[in-house]
Amino acid sequence: QVQLVESGGGLVQAGGSLTLSCAASGRIFRFNVMGWYRQAPGKQRELVSRISSGGRTNYADSVKGRFTISRDNAKNTVYLQMNSLKPEDAAVYYCNADHYRLGSSLPDNYWGQGTQVTVSS
């Protein structure tokens with residue numbers, strides 16, 4: 001079993017920055033795609049950004065140029081640097097990861113418990 005634990009959320013003024021971290025623990029073999037999703041009240045959960053094991057990234061249009069995703073494979077950790085935050089970025093941010101168990105050809109998908117980001121105007 002693998003656990004994902006997010007940290008780094010909080011309250012920030014519009015225009016400010018936050019860095020989210022997601023650390024994986026447990027019986028880890030190999031992660032494939034890792035990413036961040038967010039869900040605001042009354043809205044569906046949406047993809048913010050993903051990063052492959054090789055470092056290929058993609059971003060939602062709404063965060064391009066402001067957010068940067070990165071990962072440290074040695075630490076099994078994925079980060080989300082968020083700059084120029086806007087009130088509409090406020091949401092619960094969830095870490096997500098595809099993990100391959102040893103000998104498995106299909107990944108298991110895991111979610112973290114979420115971390116709240118609040119942006120004041």
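A residue counts as buried when its relative accessible area is under 20%. Keep that cut-off in mind for this predicted model, because Tyr-94, with a relative accessible area of 14%, is buried on that basis. Tyr-37 also counts as buried, at 19% relative accessibility, while Trp-111 comes out as partly exposed at 38%.

Those three residues belong together: Tyr-37, Tyr-94 and Trp-111 form one aromatic cluster. The structure holds 2 aromatic pairs, and here they are:

| Pair | Centre to centre | Angle between planes | Geometry |
|---|---|---|---|
| Tyr-37 and Trp-111 | 5.0 Å | 65° | edge-to-face |
| Tyr-94 and Trp-111 | 6.4 Å | 85° | edge-to-face |

Tyr-94 sits in strand β9 and Trp-111 in strand β10, so their pair ties together parts 17 residues apart in sequence. Tyr-37, in strand β4, is 74 residues away from Trp-111.

Beyond its sequence neighbours, Tyr-93 is in contact with residues including Trp-36, Tyr-37, Phe-67 and Leu-80.

Now for the sheet. Four strands make an open, antiparallel sheet in the order β1-β3-β8-β7, with β1 (2-7) and β7 (67-72) at the edges. The twist averages 15° from one strand to the next. Strands β7 and β8 are joined by 6 bridges, and Thr-68 stands opposite Gln-81 in β8.

Terms used:
Residues are numbered from 1 along each chain as its sequence is written. This is a predicted model: local features need pLDDT of at least 70, side-chain atom pairs count only at pLDDT 80 or more; totals for chains, interfaces and linings use all residues. Side-chain values use heavy atoms; hydrogens and water are left out. Two strands pair if DSSP finds at least two bridges between them. Helices (H or I, at least four residues) and strands (E, at least two) are DSSP runs, numbered from the N terminus. Axes are lines fitted to C-alpha atoms, for helices over the stretch in contact, and angles run from 0 to 180 degrees between N-to-C directions. Contact means heavy atoms within 4.5 Å. Rings of Phe, Tyr and Trp (its six-membered ring) pair if their centres lie within 6.5 Å; planes under 30 degrees apart count as stacked, over 60 as edge-to-face and the rest as tilted. Buried means under 20% relative accessible area, exposed over 50%, partly exposed in between (1.4 Å probe, protein chains only). Lists of a residue's contacts leave out its neighbours within four places in sequence.
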